[in-house]
Amino acid sequence: SYSEIEPAVSPDGRWIAYTSDETGRKEIRVRSFPEGPGRWQVSAQGGRYPRWSHDGRELYFEDDGPNSRMWVVGIEPAESFVYGSPAVLFESLGGWSGFSEVGSSYDVAPDDQRFLIGYVGRVAGFGGDAGGAGGPNVVLVNNFFEELRRMVPE
């Protein structure tokens with residue numbers, strides 16, 4: 001028995017990406033939607049939490065492990081599902097933690113150029129440190145570069 005979870009329907013509604021542990025480890029698969037022939041495994045080293053770019057030309061997913069890497073797979077517009085090799089898009093310096101109890105820890109901005117990534121942890125100076133007691137803190141910084149320029153004037 002295996003699980004097929006974390007579905008994401010492509011913007012054109014033709015494909016559904018999801019996480020499957022059919023091979024014994026979590027991998028990203030895509031199949032025709034809502035039904036039809038074809039099923040493809042697009043991840044090669046494990047993956048979870050698939051998300052489509054808004055134009056449907058890329059599929060993103062996280063590692064299924066401690067590496068905190070974001071992967072991207074190019075998708076070719078075609079009658080059949082045509083995709084490229086997965087490549088690391090970026091790595092997290094401090095790591096991020098998926099919200100496995102409630103879903104993905106990231107989403108793609110409407111311009112497909114930015115990600116909003118949730119991080120579960122404690123931040124020093126904000127009610128606790130990495131080893132402190134209490135629940136996790138959430139720090140949201142809007143307009144990060146403007147805030148950085150304000151804090152570190154030229």
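Two strands pair if DSSP finds at least two bridges between them. Strands are DSSP runs of E with at least two residues, numbered from the N terminus.

Some ground rules: this is a predicted model, where local features need pLDDT of at least 70, side-chain atom pairs count only at pLDDT 80 or more, and totals for chains, interfaces and linings use all residues. Residues are numbered from 1 along each chain as its sequence is written, and side-chain values use heavy atoms, with hydrogens and water left out.

**Exercise 1.** Work out how S2 pairs with S3.

*Solution.* 
- Step 1: Find S3 at residues 27–32; S2 and S3 run antiparallel, joined by six bridges.
- Step 2: Look at the link. The two strands make a hairpin with six residues between them, and Gly-24 in the turn has a positive phi of about 100°.

**Exercise 2.** Is S2 mostly covered or uncovered, and where do its side chains point?

*Solution.* 
- Step 1: Buried means under 20% relative accessible area, with a 1.4 Å probe and protein chains only.
- Step 2: S2 spans residues 15–20 and is mostly covered, with six of its six residues buried.
- Step 3: Trp-15, Ala-17 and Thr-19 point one way, while Ile-16, Tyr-18 and Ser-20 point the other way.

How values were computed: Buried means under 20% relative accessible area, exposed over 50%, partly exposed in between (1.4 Å probe, protein chains only). Helices (H or I, at least four residues) and strands (E, at least two) are DSSP runs, numbered from the N terminus.
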